[in-house]
Amino acid sequence: MLQCARRRLSLQVLGRESRARQPARAGPEKTALVPQGGRRRALLGRGGFVPCRCVASDRAGAGGAPPLPAAHRPRAVRALCSGSPRQGDGAEPEEQVAAAASRVADSPPAAASPADPGQVLRSRRRRAWERALSPLERVSRLLPEELLSEEIRDIRRAEQGESRQEDGSENSDSHPLQRPAASRAAPAQPQRHEDSTPVDTHNTAAKDGTFQVGDLILAEFRRKTYMEFKHMRNLTAVGKLNSNWGAISHQEIIGKLPGQMFRTSSGFQFLIRRPALEDFVLLMKRGPTISYPKDINAMLMMMDINQGDTVVETGTGSGGMSLFLSRAVGPRGRVISYEIRKDHHAVAKKNYRRWRDAWEIGHAEEWPDNVDFINKDILTAAEDMKSITFDAVALDMLNPQIALPVVYPNLKQGGVCVVYLANITQVIDLLEGIRTCSLSLLCERIIEVTHKDWLVLPAKRKDGRLAPRVEPQQIVDEEPQPKEGEELPIQDQAVVGESDDIAESLSDYVEPYGSVPYIARPYPWQAGHTAFLIKMRKYKVAYPDTTPDGSC
């Protein structure tokens with residue numbers, strides 16, 4: 001109650017000062033309601049005030065206080081309301097009130113206070129209630145911007161622009177004093193989790209790209225357990241995939257994802273996909289006999305090729321080995337391939353270009369153009385290779401022993417030279433050539449790569465239905481029965497005990513998974529012998545007197 005009385009007294013002082021600035025009017029003096037000092041406690045207890053005559057503030061005199069400016073009025077209110085009673089009875093004469101007002105008037109004006117943030121929040125709350133949000137807008141406000149579609153992003157940007165314009169107009173009209181730049185709230189930025197793994201959508205979309213014109217496709221048709229049809233070709237705008245089991249138009253394939261089943265005109269289903277590099281090497285146009293992928297893979301493991309290596313190849317052939325070497329060395333590597341025959345050289349370049357063009361259509365990254373096809377005899381290329389150091393050498397020619405003295409000086413110390421030979425007599429001639437030339441080449445391995453294809457299928461009856469699993473019958477020896485009045489010998493009793501233990505162990509077997517038996521056997525035809533692979537490593541002789549014999 002005392003604080004309320006102080007506030008009312010301060011308001012009366014401010015009222016007198018405001019009237020003092022107005023021109024004096026003729027008329028009777030007006031009375032002001034002020035509490036009397038002697039009866040303050042009693043009157044406050046009853047909540048009443050008594051009128052009394054006061055000196056008008058507009059009269060000149062020593063008791064009158066000078067008028068207060070508008071900027072000092074809040075400070076005067078705080079000064080009067082925060083004061084404590086100076087007398088025992090709690091009375092505060094008018095002189096003290098005037099003195100407090102004069103002190104406030106003499107003090108310098110305070111700095112302008114910033115705009116009230118509550119007013120901004122109330123204005124924003126009014127705008128939020130003026131227009132209701134749709135469910136789509138509510139959900140979109142909860143999601144980060146990068147997960148929204150283009151339409152939702154445009155709508156959100158338009159709303160943000162309108163809200164900024166409204167904020168600027170309201171602030172200019174009702175808030176002449178803007179908030180400092182440091183106190184302005186920065187726009188909320190979408191937070192990203194640092195622990196989240198970034199997803200490379202570009203590479204994923206490229207691998208799952210649809211078939212396009214010029215793309216390379218591989219069509220396969222299997223009947224029962226055997227491959228009946230396997231064909232590779234490029235897609236064209238007006239073309240058909242013809243076979244003895246019907247035709248498929250290229251227009252039906254274009255725009256579809258690889259790895260799907262397509263029905264031919266005769267009703268058969270073909271699997272159409274993009275060929276792997278192994279499929280391309282086996283089905284591409286050939287000049288001479290190719291190096292089979294199973295042998296090429298073993299040669300790559302022997303040479304231990306890494307990204308950025310430089311490899312020389314002698315005997316380009318149809319270009320199969322060149323493609324595998326190109327992928328192994330990568331964009332930073334280099335492959336130098338020599339071929340003495342022009343027709344083989346042209347076929348290899350054509351196959352390499354065909355694979356690169358098809359790769360660019362179906363993948364985002366280009367196939368590295370890192371193979372140099374040279375139509376030249378390796379025996380006359382010694383001058384061209386003086387400034388080049390090879391990490392590995394691959395030889396596929398009839399007489400590799402005559403090319404070893406040319407490529408040996410440029411092979412790095414510890415490098416590997418792998419030779420592809422068809423006959424064992426060629427292997428003997430190679431080792432003899434190394435011995436006679438006294439080359440520091442250690443023959444580490446001579447291998448022959450053989451693959452055996454197996455057939456594993458559920459067993460079927462003659463009518464085509466699956467055969468049921470038949471449990472094997474366990475043959476248990478009959479226990480000897482003693483005759484009347486006879487006992488079994490101790491040895492027979494032990495045998496009977498052992499048979500009981502065996503029976504218990506046989507009963508603890510794992511039940512087979514499923515109820516259909518399977519047949520496992522190799523195919524009746526297998527890939528025969530293709531080549532011998534010889535791995536040789538260059539080494540440094542510890543003692544000059546030692547002469548390498550080239551034996552493995």
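User: Are Y352 and F373 buried or exposed, and what do those words mean here?

Analyst: Buried means under 20% relative accessible area, exposed means over 50%, and partly exposed lies in between, with a 1.4 Å probe and protein chains only. By that scale both Y352 and F373 are buried. Please keep in mind that this is a predicted model, in which local features need pLDDT of at least 70 and side-chain atom pairs count only at pLDDT 80 or more, while totals for chains, interfaces and linings use all residues. Side-chain values use heavy atoms, with hydrogens and water left out, and residues are numbered from 1 along each chain as its sequence is written.

User: Which kind of aromatic pair do W355 and W367 form?

Analyst: W355 and W367 are also paired edge-to-face, with 5.8 Å centre to centre and 90° between the planes. W355 lies in helix α13 whereas W367 lies in the loop between α13 and β11, so the pair ties together parts that are twelve residues apart in sequence. Both W355 and W367 are buried. Elsewhere, F221, F229, W245, F268 and F270 form one aromatic cluster.

User: How do I read a sheet?

Analyst: Strands of a sheet pair through backbone hydrogen bonds, either parallel or antiparallel. Two strands count as paired if DSSP finds at least two bridges between them. Here an open sheet of seven strands, with mixed pairing, has the order β11-β10-β9-β12-β13-β17-β14. Its edge strands, β11 (371-375) and β14 (441-447), each pair on one side only. On average, neighbouring strands of this sheet are turned by 15° against each other, direction ignored. Within the sheet, β12 (residues 390-395) pairs with β13 (residues 411-421) in the parallel sense over five bridges, and the partner of A392 in β13 is V416.

User: Which strands does helix α11 touch as it packs on the sheet?

Analyst: Contact means heavy atoms within 4.5 Å, and angles, from 0 to 180 degrees, are taken between N-to-C directions of axes fitted to C-alpha atoms, for helices over the stretch in contact. Helix α11 (residues 293-303) touches β12, β13, β14 and β17 (532-538), and its direction makes about 165° with that of β13. Nine of the eleven residues of α11 are buried, and their cover includes α10, α12, β12, β13, β14 and β17. Just after α11, D304 takes a positive phi of about 55°.

User: Which residues have the most contacts inside the largest nonpolar core?

Analyst: A nonpolar core is a set of buried Ala, Val, Leu, Ile, Met, Phe, Trp, Tyr and Cys residues joined through side-chain atoms within 4.5 Å. The largest has 38 residues, and M299, M303, L325 and L533 have the most contacts inside it. Helix α11 gives the largest share of this core, six residues.

User: How are the two faces of a strand told apart?

Analyst: In a regular strand the side chains alternate between the two faces of the sheet. Strand β5 (residues 240-243) has L241 and S243 on a covered face, and K240 and N242 on an uncovered one. Four bridges join β5 to β6 (residues 246-249), and the two run antiparallel, with a hairpin of two residues joining them.

Definitions and conventions:
Phe/Tyr/Trp six-rings, centres within 6.5 Å; stacked < 30°, edge-to-face > 60°.
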